[in-house]
Amino acid sequence: MNGQIAGPPLSSVRLRIPACMGAIAYVQHATHWFVEQAEMAERQSFAINLAIEELILTLLRHAFDGGSEQGDLEISIELRSTLLRLEVACRALPFDLSMVPSYQPGEAGDDASLSVLLLKHMVDRYHLHNGGRDGYRILLEWLRPLAHVEEMDHSPAPEGAAVQADGPVDPIAEIRPLREDEALALSRLVYRSYGYSYVSDFLYYPQRIVARLQDKTLHSWVAVSERGELAGHAALMSSGPGAAAVEWGIGVIDPRWRGQNLLRKLSAEVTRQAAETDASILFVHAVTNHPLTQKSGIRLGFQVTALLLGFAPADLEFRHIHDQLSQRESTFIGIRPLKPLPKQALYLPARHADTIRLLATGAGIALIEATALTAHPAEDAVTAFDTLIEPSVNVAFMNLASAGAELASSLAAERRRLCREKVDVIYLNIDLSSAYAQYATEVAEADGFFLAGLTPMQPWPYTLTLQYLNNLDFDYGAIHAVGEQAEWLKTLVRQEQQRVSG
């Protein structure tokens, strides 16, 4: 899933202030100007102030030992076209948010302590980086209030675009890039296929669509009828210029125009554009509630390399296909190499080596396996995670940036913290070019993580992804798998889950 818009800020400020109680009011005051410029409502302004207070209080208590340790807070505030971003960084005592007592409603406790659970409800997105000796960074983001498609004028379809009971009579005139003035029409198209349940919520805010088009993180193509109505859409999405992996997605066809191979034609334009980028990998999240997306991916040359259980909420709707899901939606990751991956010596975990080789070979990826024995982390190494939480879909992504001798306890603590926040699924990424890859995999599996598969360039060229389910059960029979590789991988993931849990 791609992040928020990566374009330059409209305005920004950077502060370096002493870590003390007075920092709370100072940062709140500095942020207030940006809140006013963003025209945020009083309720959202209150949430921002509360998040700042809770976050700084926590850092003072745990990273600065209640004020006995001296140091500074580095603050960055940025206003962007669609969001307000606040980052707080510090270097102080070794600190992990798992040290913070969990929030228990109705129970007596330390009223001043931060429940990270609250942050999840006060922000739209947050990213936590525990860099060990390099310090701690917490990034908070709030979406700016923009007009939702539901609040905008739902103009009627273009005059003459009559629809018969058995399908459209208005033929397709052309396939071309989406214009900025068609953003509202795209929102309406998404609604016709998904209601208001589509996992990429920005599609219901025309101004956010425009911002992404301008920012070059979204390249959209549409099928347009002779009378100007949008009948279909597909897009290429990225985190920004120079992204190593780009995603084919938002394949949406108006139910009235289905059955005309529009998605295949639109996708041909997407893949052509992808080949002209700097990316090495084109990938797709293929839903498993129905087989249509997977079939499209196979026709376009995508090869399945991972199965992410519970990637999207259960309230995802597929209008005129399935109206309600029985469980959280799982997705197959399909990839299509665009350029050779960097040549790196890889340390394949022994238990999964054959699986990784098979997945890589099927996707046309060459592996160079290290001849040296895999190793435990060096004694002076420190464990560091990058953890991204997506409240909109209630999942977390953990990148193991480095591993130290305390990896087992650090991983367990971070996993427990995320579970206390009621995150449904945690995805853990391990760099296979790291000599500790096997050790890290064994530690993670001992903590309840199990295989998801290979996810190249997300974030490293050769990334092994594991997953953890927070008190969720899955009916594998409800997961559609198209093709021998997908069926084999689904069976393997189920076996790995049973092995680890058993």
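Visitor: Among contacts between residues at least 6 apart in sequence, what percentage join residues at least 24 apart?
Guide: That share is 72% in this chain. Please keep in mind that this is a predicted model.

Visitor: Noted. How many helices and strands does the chain have?
Guide: There are 11 helices and 21 strands.

Visitor: And what percentage of the residues is buried?
Guide: Of the 502 residues in the chain, 57% are buried.

Visitor: Let's pick a helix. How many residues of H5 are buried?
Guide: Helix H5 covers residues 206–215, and eight of its 10 residues are buried, so the helix is mostly covered.

Visitor: Which ones are they, in H5?
Guide: The buried residues are Pro-206, Arg-208, Ile-209, Val-210, Ala-211, Arg-212, Leu-213 and Asp-215.

Visitor: What covers the buried residues of H5?
Guide: The cover includes strand E5 (136–143), helix H4 (183–194) and strand E9 (218–225).

Visitor: Now for helix pairs. At what angle do H9 and H10 cross?
Guide: Helix H9 (residues 407–420) and helix H10 (residues 437–446) cross at roughly 45°, and their axes come within 10 Å. The two are therefore oblique to each other. The crossing of H9 past H10 is right-handed.

Visitor: Which residues meet there, between H9 and H10?
Guide: From H9 come Leu-407, Ala-408 and Leu-411, and they meet Tyr-439, Ala-440, Val-443 and Ala-444 of H10. Sorted by type, the residues of this contact are seven nonpolar, no polar and no charged.

Visitor: Another pair, then. How do the axes of H8 and H11 cross?
Guide: The axes of H8 (residues 353–362) and H11 come within 12 Å, with a crossing angle of roughly 155°. That angle makes H8 roughly antiparallel to H11. Here the crossing is left-handed.

Visitor: Which residues make the contact of H8 with H11?
Guide: On the H8 side they are Thr-355, Leu-358 and Leu-359, and on the H11 side Gln-485, Trp-488 and Leu-492. This contact divides into four nonpolar residues, two polar and no charged.

Visitor: Switching to loops: where is Asn-470 found?
Guide: Asn-470 sits in the loop between strand E21 (463–469) and helix H11 (484–501).

Visitor: Is Asn-470 buried or exposed?
Guide: Asn-470 counts as buried because its relative accessibility is 14%, and the cut-off for buried is under 20%.

Visitor: What does Asn-470 touch, not counting residues up to four places away in sequence?
Guide: With those set aside, Asn-470 touches Cys-419, Lys-422, Val-423 and Asp-424.

Visitor: One more loop residue, please. Where is Ala-243 found?
Guide: Ala-243 lies in the loop between strand E10 (230–237) and strand E11 (245–253). Ala-243 is buried too, with a relative accessible area of 11%.

Visitor: And what is Ala-243 in contact with, leaving aside neighbours within four places in sequence?
Guide: Its contacts are then Ser-238, Asp-278 and Ala-279.

Visitor: How far apart in space are Ala-243 and Ile-281?
Guide: They are 9.4 Å apart, C-alpha to C-alpha, while in sequence Ala-243 and Ile-281 are 38 residues apart.

How values were computed. Residues numbered from 1 in each chain as written. Predicted model: local features only at pLDDT ≥ 70, side-chain atom pairs only at ≥ 80, totals over all residues. Heavy atoms only, no water. Helix = DSSP H or I, 4+ residues; strand = E, 2+ residues; numbered from the N terminus. Buried < 20%, exposed > 50% of the residue type's maximum accessible area, 1.4 Å probe, protein only. Contact = heavy atoms within 4.5 Å. Axes fitted to C-alpha atoms, helices over the stretch in contact; angles between N-to-C directions. Parallel < 35°, antiparallel > 145°, perpendicular 65-115°, else oblique. Left-handed = near helix turned anticlockwise from the far one by under 90°. Nonpolar A, V, L, I, M, F, W, Y, C, P; charged D, E, K, R; others polar.
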